[in-house]
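Open the model in your viewer and keep the sequence beside it. The stops below each begin with a selection and then say what is there.

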Amino acid sequence: MSEKKTLTVKLVRSPIGTREDHRATVRGLGLRRMHSTSTLEDTPAVRGMINKVRYMVVVL
């Protein structure tokens with residue numbers, strides 16, 4: 001059994017004043033407020049979401 005690879009994402013910039021679809025993407029990543037973190041499975045879909053809002057998040 002191999003363990004699933006994960007990514008930890010942290011919200012470092014406020015989504016206030018950004019595009020609605022970018023705010024929805026941040027919520028989809030499980031990030032609610034500034035400096036919150038979320039641990040997600042490393043999939044192409046999650047990587048695409050992170051890439052879309054890369055100016056607001058940092059991968060730890």
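A residue is called buried here when its relative accessible area is under 20%, exposed when the value is over 50%, and partly exposed in between. The model is a predicted one.

**Stop 1: the loop between α1 and β2**

Select S36, which sits in the loop between α1 and β2. Is S36 buried or exposed? Its relative accessibility is 17%, and because the cut-off for buried is under 20%, S36 counts as buried. Show its side chain and look for the backbone oxygen of R33, which the S36 side chain reaches at 2.7 Å. Leaving out residues up to four places away in sequence, S36 touches V9, K10, L11 and L31.

Move to H35, which lies in the loop between α1 and β2 as well. H35 is not a glycine, yet its phi is positive, at about 65°. With a relative accessible area of 51%, H35 is exposed.

Now select L29, also placed in the loop between α1 and β2. L29 is buried, at 1% relative accessibility. Which residues does L29 contact, its neighbours within four places in sequence aside? They are S38, L40, V46, M49, I50 and V53. For a distance to display, pick the C-alpha atoms of L29 and T39: these residues are 10 apart along the chain, and the two atoms are separated by 8.8 Å.

**Stop 2: the nonpolar core**

Select L7, V9, L11, V26, L29, L31, L40, V46, I50, V53, M56 and V57 together. These 12 residues make up the largest nonpolar core. Which elements give two or more residues to this core? They are β1 and α2, the latter spanning 44–52. The largest share, three residues, comes from β1.

Within this set, centre on V9. Not counting residues up to four places away in sequence, V9 touches L31, S36, T37, S38, L40, I50, V57 and V58.

**Stop 3: a nonpolar patch on the surface**

Turn to V12, V58 and L60, and show the surface. The three form a nonpolar patch there, with about 250 Å² of accessible area together. L60 is found in the segment after β3 (57–59). L60 is exposed, its relative accessible area being 62%.

**Stop 4: the loop between β1 and α1**

Select T18, in the loop between β1 and α1. T18 has a relative accessibility of 13% and counts as buried. Its side chain reaches the backbone oxygen of P15 at 2.5 Å. Beyond residues up to four places away in sequence, T18 touches R23, Y55 and M56. One of these contacts, R23, is part of the next stop.

**Stop 5: the salt bridges**

How many salt bridges does a search of the whole structure find? It finds five.

Begin with R23 and E20, whose side chains meet in a salt bridge at 2.5 Å, N to O. Both are in helix α1 (residues 20–28), and being three residues apart there, they are separated by about one helical turn. R23 is partly exposed, with a relative accessible area of 28%, while E20, at 54%, counts as exposed.

Next, select K4 and E41. They form a salt bridge in which the closest N and O atoms are 3.8 Å apart. K4 is exposed, with 60% relative accessible area, and E41 is partly exposed, at 41%.

Then select R47 and D42. Their salt bridge has its closest N and O atoms 2.6 Å apart. R47 is partly exposed, with a relative accessible area of 47%, and D42 is partly exposed too, at 26% relative accessibility.

Finish with R19, D21 and K52. What links these three residues? They are joined in a network of salt bridges.

Definitions and conventions: Residues are numbered from 1 along each chain as its sequence is written. This is a predicted model: local features need pLDDT of at least 70, side-chain atom pairs count only at pLDDT 80 or more; totals for chains, interfaces and linings use all residues. Side-chain values use heavy atoms; hydrogens and water are left out. A salt bridge is a side-chain nitrogen of Lys or Arg within 4 Å of a carboxyl oxygen of Asp or Glu. Buried means under 20% relative accessible area, exposed over 50%, partly exposed in between (1.4 Å probe, protein chains only). Helices (H or I, at least four residues) and strands (E, at least two) are DSSP runs, numbered from the N terminus. A nonpolar core is a set of buried Ala, Val, Leu, Ile, Met, Phe, Trp, Tyr and Cys residues joined through side-chain atoms within 4.5 Å. Contact means heavy atoms within 4.5 Å. Patches are made of residues with over 30% relative accessible area and no salt bridge: like charges are joined within 9 Å, nonpolar side chains (Val, Leu, Ile, Met, Phe, Trp, Tyr) within 5 Å. Accessible areas come from the Shrake-Rupley method with a 1.4 Å probe; for residues, only the protein chains shown count as cover. A polar contact is a pair of N or O atoms within 3.5 Å; within protein, one must be able to donate a hydrogen and the other to accept it, and residues adjacent in sequence count only if both atoms are side-chain atoms.
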